[in-house]
Amino acid sequence: MKIELEKTGRYSFPMGIQDIALTADEQRVYAACLDGVYELSLPARDDHEAKPVPECIGQHASYVSSVALLEQDAEVASTGFDGQLQIRALRSKPAESTAASESAKLVAPRLDRNLHSFWSWQMACSPDRRRLASVTGQYLTGAEDYSPLESSEPTIRVVDAHSGETQHEFTMLPSVQCVAFDPTGQYLAAGNLMGDLAVWDVTSGECLAEWRTPSFTSWGIIKSHCYIGGIFAVAFAPDSQSLYAAGMGDMRDPMAGNGKQLWQRFAWQKSPVEKLQETVSDQAGEGLMETLAWHPSGEYFAMAGRLRGGNWNTGIFSQEDGQLVGQAKTGMRITTALFSPAGDVLYLAGMQGQPGRKDGKFPNFGYLERYQIKQS
Amino acid sequence: MKRSESHQNSAPCQSGSQVGCADHQLHRRLFLQGSMAGAASVASFQSLFSVPAFAETVQRRGKRCILLWLCGAPSQFETWDPKPGRPSSGPFPSMASCIPGVHVSSLMPKCATIMDKLTVVRSMSTEPGEHFQAIDMLTRGEGPRPPFTRPILGSVIAQQLGQLDSPVPQFVLLDPCPEGNEFRSFKAANWAGWLGAEYGPVRFGGEYRLDNVIRPEELSELEHADREALRSFLSRKFMNDHRTAAVESYNAVFERVNGLMQAAPLFDLAALPQRDRERYGPGTFGMHSLLARHLVENGSTFVMVANGMPWDCHVFNHETHQMLVPELDRVIFHLISDLEQSGQLDDTLVLMMGEFGRTPFLNDARGRDHYPQAWSMAMAGGGLRPGVVYGATDEDGVAVSDKPVNQRQLFATIFAALGIDPHETYDLPGFPTFHRVEQDTAPIAELLA
């Protein structure tokens, strides 16, 4: 199997994008940006010249970290580094995006509740869109070797997606940086700074598996005594039997960002949990990997992030043997990869380095890119 | 360069720790007179302070300094100069401090309550943008002009305010993370410069103990004293015949080790109250800051606390600052509060700074890069006016918009606060005239008490 990715569109946002959600009809994209929740009407796929302008429809008191579409795309939920969950109703028809509509058209949230006293690092929505799970945790010094202090609050919160009421609270050592539901919506997984992973049953609230992989976490010796890195993305395989974790391999200098582009696959239902596969060493470069996405066919998945050294920052990997079967080098840090429901398009969102001010304004540095998938 | 040569030629008539200086002889004579008179008459001892030169020396000698060296360079946006709502702000909101209208990062809630005790400069503007050069400049106060080697701040202060004959090391570098790329290279350089090795730091690493200063059990105190007397006699004899800087440095090292053997218990962190260790700890930076307080309380003149280069956040800026700033916040709060409560803040200057700031612009690695153009530092205590926030940057923190401060102004202010003449002349043989702070740079009057 070989996958080719052909870029067919690139759309800019004022600030960096941390997450995206796509409507079922692929007409609109909602983006969690550093400065707010944005709505973008996507041009037709054959319109390569269009430059749609995203509209800001909501803001948090800090960076927005995640978005999810609810109620058959009639609502958008967002979480932010302010620890809040906001849910806002969407317009039935998106406004025409023109240069004249650059100004923010804010929509007041119908629900705005505090989930955590620190950041919501990431939020996930269950496949049936009835549950949201958000993870938090501030890394504070807990020992002389700068291992993390236990959190004073639950670091994983599962809430009802309509009312925002808490259904479950789970605890994991801070900072808990990623969370995902399995395709059935029964299981929830999370990963943290220290390489801890856990899976819970969200119907019973039972913790089904807990383990630690040391591969994603660095402890500095060259410059600093602190931990850095950790797991930045988790995703269940389509059969829910395996859990994939992504991040960056060990770097001796925590400030270098030069760890291996890394995913690992675990048989989480085995006792003890067994590591089944990981990135083939000579197929990966260096850089933090922040997102995992499964193709609707279940035949392959994408892992993407930042390119620090090597040939790609979006890798396509075969489900069968973990081999790299496709790649793209985007020139930006990718925070979210998302396949279209039909599986023929891959959306990549993220940011470039923030440019300096020009004429008193900061130029755009958030980007959404659209890639046509060719499988052979 | 031999320090003794400088005495013969000089000019620098710095504090009484130097021999051969006319003023020093005056101070020493007055001090001895005062000591003897003091036994009999408080009044006559106090009258000693009416002699300006003596009073000044005694006053200066009471001063000391702690430098919290935030190597790698913290972000001003996540500490002292937040820009809420601006594209450069980062994810952390600001919070009001106890000074009306002054906000700091929400990562510093404890410091926000003692801003009236701090002196913050928000308008530092310097030139070097690479670590080594910037560390060099921000610890020496001036760029290099080889072959002249300017002593770093700690060496100058130890030489000016310290007591060489004290068994307690006058200049201590607490250095729990001995690595640190450019900082490691800098540490290998000549810190004391022309002042001589005896004004270099005693370095104390990650283990909470001093190595090789414990008398072996098989050696009695008497035997040790005999050996030292013999060594000292032979050294003096050798030095009389072969007077060189190397021999002087060799003897200085022996003297220092002798002092350290006596002072070793001061470095025993385990002997400090558990409650203090809990308040400052558990990280090594906090523990060493506590130790710094303990050392200056017990006779050290200058203690520099470093911790590798943890602030160099080219990647994960916010993720790292969420951990480091709360620790810094807690340490500053306890250090300043403790010194104030014990009545020692007036005589102890505390400096909190790195070598530059960090960019208003985020790079694609979630980081902020080096930014010397506009950054912040903080000070507190002896000789400074508390509750001052000096200078400003523009709305995005891109440029200094009010009262730029360079390293010379900063050093002149630090020296002035400690009662040290910033404009002292360094007349050394074979060199042009240097000054403690060049270009007649004046201290910033608004920052001085």
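## Where chains A and B meet

Across the interface of chain A and chain B, 17 residue pairs are in polar contact, both residues at pLDDT 80 or more. A polar contact is a pair of N or O atoms within 3.5 Å; within protein, one must be able to donate a hydrogen and the other to accept it, and residues adjacent in sequence count only if both atoms are side-chain atoms. The side of chain A that touches chain B is sorted by class here.

| Class | Residues of chain A |
|---|---|
| nonpolar | 25 residues |
| polar | 14 residues |

Ala, Val, Leu, Ile, Met, Phe, Trp, Tyr, Cys and Pro count as nonpolar, Asp, Glu, Lys and Arg as charged, and the others, Gly among them, as polar.

This is a predicted model: local features need pLDDT of at least 70, side-chain atom pairs count only at pLDDT 80 or more, and totals for chains, interfaces and linings use all residues. Residues are numbered from 1 along each chain as its sequence is written, chains are lettered from A in the order in which they are written, and side-chain values use heavy atoms, without hydrogens and water.

In the interface, 46 residues of chain A are in contact with 45 residues of chain B (heavy atoms within 4.5 Å). The rule also finds 5 salt bridges between the two chains. A salt bridge puts a side-chain nitrogen of Lys or Arg within 4 Å of a carboxyl oxygen of Asp or Glu. Arg366(B) and Glu290(A) form a salt bridge through their side chains, at 2.6 Å from N to O.
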